[in-house]
Every structure is written in C-alpha cells, then in structure tokens.
There are 2 protein chains.
Amino acid sequence: MKISVVKNILEANQRIAEENRRRFSQNRLLVINFMSSPGAGKTSLLEKTILALKDDFRIGVIEGDIQSTYDAERIGQTGAPVVQINTGGACHLDSNMVEEALQNLDLARLDLLFIENVGNLVCPADFNLGEDLKAVILSVSEGDDKPLKYPLMFHVSNLLLINKIDLLPYCECNPDLIEERARKVNPNLTLFRVSCRTGDGLDSWTGWLRGKLRERK
Amino acid sequence: MKISVVKNILEANQRIAEENRRRFSQNRLLVINFMSSPGAGKTSLLEKTILALKDDFRIGVIEGDIQSTYDAERIGQTGAPVVQINTGGACHLDSNMVEEALQNLDLARLDLLFIENVGNLVCPADFNLGEDLKAVILSVSEGDDKPLKYPLMFHVSNLLLINKIDLLPYCECNPDLIEERARKVNPNLTLFRVSCRTGDGLDSWTGWLRGKLRERK
C-alpha cells in the first residue's frame, strides 16, 4: 500500500498559480492582487481606480470574501465585470479558487484584472495566485508599526498604497516611518500615498498604472 | 501498521483550552482574549485599561505577535507582568501557545489576565484559548460592514468594543449600523464605544470590568 501525502500545500498552490500565470500572459493581461487588513479600503480604492481608467482600458475584478457579495455589488456599480469568490471560512484566496473564478471571465476581452483578497494582513501573503503584481494597502489609521509586525506581507508585495491619508491629522501615524520600515523589509517597493475620500494621490497611482498597461499593448 | 491522524486540529486545541480554563478557574482569574484586525487599537486599549485598574487589581498580559516584541515593550511600561508569544508566522494564537506562556506567569498573584491575539479578524475566532470572555475590537475607520463580512468573529465574541470613535466625523461609518449588524449575528454581545485618544467611553468599559472582577472576589 502506498500512501501519498501532499506534503506542502504551498507547492500544490504554486503549481496552479503557474497555470493561471500562463493564461494571464497568453491574454496579455495585467493582474494585480490587492491585499490588506479588513477595512483598509481595498474596495474603495478599486472603485476609484476603475472609474479613472475604464474609458481607456477593459477592467475585470475577482472579489474574495469569506461570505457575502457586498463588495462585488459595489464593484458592479462601476460597470466592470466582477466575479465573487466566497471562501466559506478560509482566510485567504488560493490559486485554485482563482482558477475556478476565471471560468466566469472572458480574459481575451480584458486588459487589467484586479483580485481583491480576503481582508487579512497575514495569510494571503503565503499564496501566489499567478498575479503579476501584489499590492498591499495600509490605512494610516492602522498605525506606522505594521511593516515591523507583519513583515512578510510587505516583503512579498511589489506595491504599497498608504491609504486614508486624509486621516493623518487625527491619527498617531507617521507615513514617513511606514515607508522607511516597509523599505527596510523590501527595498524594491513602489509606494503611493492616497486618499479615496479626498482623491489626493489617486492621479499619481492611476498614472503609474496607465504606464504599466501601455507597456503591454 | 496503524496510522493515527489528528482529524481535527480544533479538537486538539479544545482539549488544551479546557486545561487552561481549569487552571484559570482554580486561580479565580478573569481571562479576556482581545481580537481584532491589525491596527484596530488592541494594545492602546490594553494600556488605558491597565492604567485605570492597576491600583485595585493585579493584571497580567500575554502578547501574541507573529514576530517582534514591540507590543510587549509597550505593555511593560505600565508595570504589568507581560509574556510575549511569537507565533513564527502563524496567524492566530492557539491554546498550546497560551499554555506554554503560562509557565512564565504566577497565576496565583493575578486577578485579571489579558491575552492579546495576533491582529486578524478571521482565524483567531476558531481557536478557544480557555478564556472567560472573548472581546472583538473594531475601529470605526474599518467601516460599518465588518459584522456582515466577518460574522464568525462577532458570533463567538462576548464583547464588542467600537474603538477610535474620535474619528467618526472623518469616516464613512455609522456606529449604530455596526451595533445593529453585530447584534443580528450575536444578540448577546455587550457593547462599548471608546476612544483611546480622547478617553471617551473608557470609564464605562473599565467600570463594567470592575464589576466583573468584584463578582469573583
């Protein structure tokens, strides 16, 4: 009798992530995985980003939540095609869930795909989905010590979006310290400071994204 | 050949949680498990709570973090005995980690023990530690939809502390909606609205806690 054991769930995840990556690449699609704590503003940032780019690019969204379709409904208002994944308790998306969701999206008709992960600053960092870029969104109201306490998330990410900068006058948070600490974990991070409420910094972020999308055309 | 498999990691956790509970009970100790998203203000709330109660009660703290000792150092400033657990990547505390930490605390000399969990609104909800009360701390900057999107955390908790109410004028968040939605998930929740920055609501919270501690004496 031979007993097979999947020794490393991350290896299985990585295999499917590579398949997803191949499909994205075949379709010349830019795919960004949005990760953050609950309530850091991922969905609001997606709404603003889609509205800024939708006249020039075709954008789709995969929404990851433990349960409910609230975020997908919000994104649907922008007119972008959206697929909701309900993880049913799981605290992160994995590549297999994303592969299933792709059955409901016409990749050939998209330029940009956002994957909004489950709100969690820990576990999603471990699971590649086949994305081109990982973005961590951090709200200033969470404090400036987060890169010290949750370093893996900042280490694996390509982008750091410091959100809710309109709250800086009311929070004990120094955004320079966030940047300094995040860069110590990951010197290659691309950084933006934004406020979805006032619109500050959004042009800089969406302008950068336009550049990335034009590179692929 | 017999192969034993631990079918349910939660069953193993529950067994040790019951042992912890017995030890807490033998020492007439009130134990509260603080859970929240990263940056909701668990450590600040602990600091304020300890300072308000430390002249009348003997308080200890177990700090849970993936790595680092920043929070333990902050709590140590209050004079309370504190033990740091580093989970080394794990996104929640389990009862076994708490049992190990207890070796470094003299339970007979404490009235109240706080366990600050890893910042995560998902996974810690699954793991009983042997505590008397579970408290979820939610910052208003996280938005009022969190009980809808992360219902398990609100379902398992006894207390909901809505924190950072000083930010309400600057956030799109209705605290009445938080309460209504949380109560729908869990009608037995005891609720407090607090601000560690202005001190609003802290008397009500610490007054309630004093009552609980006096019941045990």
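**View 1. Helix α8 of chain A lies across β1 (30-35), β4 (112-116), β6 and β7 of chain A.** Here α8(A) runs at about 145° to β1(A). Angles go from 0 to 180 degrees between N-to-C directions, with axes as lines fitted to C-alpha atoms, for helices over the stretch in contact. Helices (H or I, at least four residues) and strands (E, at least two) are DSSP runs, numbered from the N terminus. Please keep in mind that this is a predicted model, in which local features need pLDDT of at least 70 and side-chain atom pairs count only at pLDDT 80 or more, while totals for chains, interfaces and linings use all residues. Residues are numbered from 1 along each chain as its sequence is written, and chains are lettered from A and ligands numbered from 1 in the order in which they are written.

**View 2. Helix α2 (residues 42-53) of chain A meets helix α8 (residues 202-216) of chain A.** Their axes come within 10 Å and cross at roughly 60°. The two helices are therefore oblique to each other (under 35 degrees would be roughly parallel, over 145 roughly antiparallel, 65 to 115 roughly perpendicular, and the rest is oblique). From α2(A), A:Lys48, A:Thr49, A:Ala52 and A:Leu53 meet A:Leu202, A:Thr206, A:Leu209 and A:Arg210 of α8(A); contact asks for C-beta atoms, placed from the backbone, within 7 Å. By class, this contact has four nonpolar, two polar and two charged residues (Ala, Val, Leu, Ile, Met, Phe, Trp, Tyr, Cys and Pro count as nonpolar, Asp, Glu, Lys and Arg as charged, and the others, Gly among them, as polar).

**View 3. Seven strands of chain A form an open sheet with parallel pairing.** The order is β3-β2-β4-β1-β5-β6-β7, and strands pair if DSSP finds at least two bridges between them. At the edges stand β3 (82-86) and β7 (190-193) of chain A, each with a single partner strand, so one side of each has no neighbour in the sheet. Inspect β5 (residues 133-139) and β6 (residues 159-163) of chain A, which pair over five bridges; A:Leu138 has A:Ile162 in β6(A) as its bridge partner. Helix α7 (residues 175-185) of chain A lies across β5, β6 and β7 of chain A, at about 165° to β6(A).

**View 4. Chain B touches chain A through 27 residues from each chain.** On the side of chain B, helix α5 (residues 146-149) gives the most, with three residues. Of the interface residues of chain B, 100% are also interface residues in chain A, so the copies meet through the same surface.

Note on methods
Contact = placed C-beta atoms within 7 Å.
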